[in-house]
Amino acid sequence: MSKLVIVESPAKAKNIKGYLGKGYDVVASMGHVRDLPAERLSVDVDKNFAPNYAIIKGKENFVKDLKKKADAADYVYLATDPDREGEAISWHLAYLLGLDLKDKNRVTFNEITKSGVQRGMSHPRELDIDLVNAQQARRILDRLIGYKLSPFVSQKIRRGLSAGRVQSVALRLVVDRENEIRAFVPEEYWSIDAKFTNPPERKTFGAILVSDPEGNKLKLGDKNIENKEQSDKILADLEGAEFIVKSVKKGTRKKNPTPPFITSTLQQEASRRLSFQARRTMKAAQELYEGVDVQGMGTIGLITYMRTDSLRISEEARAAGNQYILDTYGEKYLPAKPRYFKTKGNAQDGHEAIRPAVPSLTPDRVKSSLTSDQYKLYSLIWKRFIASLMASCVQNTVKAEITGANDKDAAEGKYCVFAAAGYSVKFDGFTTLYEESTDDDEDESKKQLPELSEGDIVKLKELAGNQHFTQPPARYTEASLIKAMEENGIGRPSTYATIITTITKRGYVKRQAKLLVPTELGEATTGLLKEKFPKIVNAKFTASMENQLDEVGEGKSDYVAMLHTFYDEFDKTLQKAKDDMKDVKIQLEEDITDIPCEKCGRLMVIKTGRFGRFLACPGYPECKNAKPLITKTNAKCPRCGKDVIEKKSKKGFTFYGCDGWPECNFMTWDKPTDETCPKCGKSLFRKKGNILACLDENCGFEKKIERKKKKDD
């Protein structure tokens, strides 16, 4: 019998074909084959939001060929990705190929290994229509908001903008944080910090004042010591003081490993530890899941499915991981009882956590077969998984209180109290392999202390008052924004990378090193949406929508009823906003130029039209003056010496020409640079092949650009 298996990507098709062998034809759909056409709304709101699907442009011939293969096959298996989106792709394929929705032809692979593929093929099931409806509801919801709201925002702020159900809430988080930072008023406070040595070891350790001579408790950050005068008084009181160890409390504490990765925590840790953007992380993870040609083993999927928010792992994987720990580290590195991590209540538990498909395949064994990104990410995933199975780290803790007073205060029973805390490792446990990174500064309690005993007289080495100011909340990084989105129930793990990419690509947010900073455009867009569409940018409302979509996927809710509940109110809000802002246009400061209008004297503004950006008079319709926006470069024309400016062809391609056109007709596709020719002094241009060239016909100077060695992020 001939069997046709349809997956999503060519890489996965090749690998699965190798596992299934003869009798199977494995083809890739290359993602979706049918969708809502982009040129129109494609949703009939008057007919219970009926979607008007069509074959995606460019895939018509592929679908014809696929139909021929399906007709010729004895059986067709739908093996798209094991998630909501994959279920919908299979549903669309079933429709186009005329398959019976009651057939058990849906198979899923949690890992692309021989056993994983065989396990998936041996458990076919019917298509999950509830999951399909949840995906349809999300797609229709996002289409309705995007196609109804984006034109309104574009009309009121700038042409070509977009607004979305999830992206607009994520943007609001960034904007609100920036407003918090601006509104923050720092307050001064002081700390008294000491450094002591403990005779006879003479090891230096730090301590902080926690109680003044009057017995007032002090806590760093509580602004108890408000200014330098108060700090100096305490320092003066401690001149000539003797310092004695009042108490030493020793104990032990356990430090447990973090769970294996889910999508959000993988993106966060890759951002913190590897400086990977979420999109880069998911690209490498997709490649590791779909399969890599490993030297000596052939092609194999190295990790399980990477879009998941479940912490569950299979007992088979647990046993394999435990065996590796036993063989490598010994029995004491295994916990007395297996450790199980609890998945959050609102998580989808359809897949395991992200783990190595074959735990015995260490990163070093596969390093030569992987790209740099693949190796770094696989190493992170492998270590996190193995560490999650290992015994806890046991630490010896010590907390010491040290009293100090001058003779006068001591006679009156008034003492300053300093506190020192630290630890030493009794048993390293999982930390021998992996510890999670954090965004926080190193904790004082993580420092080691020398041996101290009650009654010891310690020697003061240094005593100082240190000025501090309360700090505003930190700007978001990709890692902290993903964490905030997860905590607020905004979006789903599979969408985080796309959301962050969208708000940066659209110019709503810019990156400053690792920080995400809203632009004026982003703040104006958020301000407009907060005022006119408060629910759309409300985190709790968005989270409730996600919960409703989950209920649809679980068969608990009807998606048409859910869409009616949302859209009927949204449509009224949109109409009211249009009426309220009929003649209103929000002008961004960044769009105002210093170029005066030749006709009326107003400063011209930058606008965006069908063919790009241009200059227009803000006095429209009284003054209709408009002209091209000229972007100057730092280069000079090699023919006449005037400025070289950036231009656009009719098809939108960038080229460069002389500002003196038409008198001077110099034009080039080569990009101008700031460098000048060492022979004639004219501007150099960058040609294909990484060559800097002088375009003066009488010079002809060229030189190869030496590439700098690129560092890994």
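Biologist: Between which strands is the loop in which Pro662 lies?

Modeller: Pro662 lies in a loop of this predicted model, where residues are numbered from 1 along each chain as its sequence is written. Local features need pLDDT of at least 70 and side-chain atom pairs 80 or more, totals for chains, interfaces and linings use all residues, and side-chain values use heavy atoms, without hydrogens or water. Strands (E, at least two residues) and helices (H or I, at least four) are DSSP runs numbered from the N terminus. The loop runs between strand S24 (654–658) and strand S25 (667–668).

Biologist: What is omega for the peptide bond from Trp661 to Pro662?

Modeller: Another cis peptide bond joins Tyr620 to Pro621, with omega near 10°; Pro621 lies in the loop between strands S20 and S21. The bond from Trp661 to Pro662 is cis, with omega near 10°.

Biologist: At what angle do H5 and H18 pack?

Modeller: Two packed helices are described by the angle between their axes and the distance between the axes. Axes are lines fitted to C-alpha atoms over the stretch in contact, and angles run from 0 to 180 degrees between N-to-C directions. For H5 (residues 129–156) and H18 (residues 559–580), the axes are 11 Å apart and the angle is about 5°.

Biologist: How is the orientation of H5 relative to H18 classed?

Modeller: Angles under 35 degrees count as roughly parallel, over 145 as roughly antiparallel, 65 to 115 as roughly perpendicular and the rest as oblique. With an angle of about 5°, H5 is therefore classed relative to H18 as roughly parallel.

Biologist: Is Ser42 buried or exposed?

Modeller: Ser42 is found in the loop between strands S3 and S4, and its phi is positive, near 65°, although it is not a glycine. At 5%, Ser42 is buried.

Note on methods: Buried < 20%, exposed > 50% of the residue type's maximum accessible area, 1.4 Å probe, protein only.
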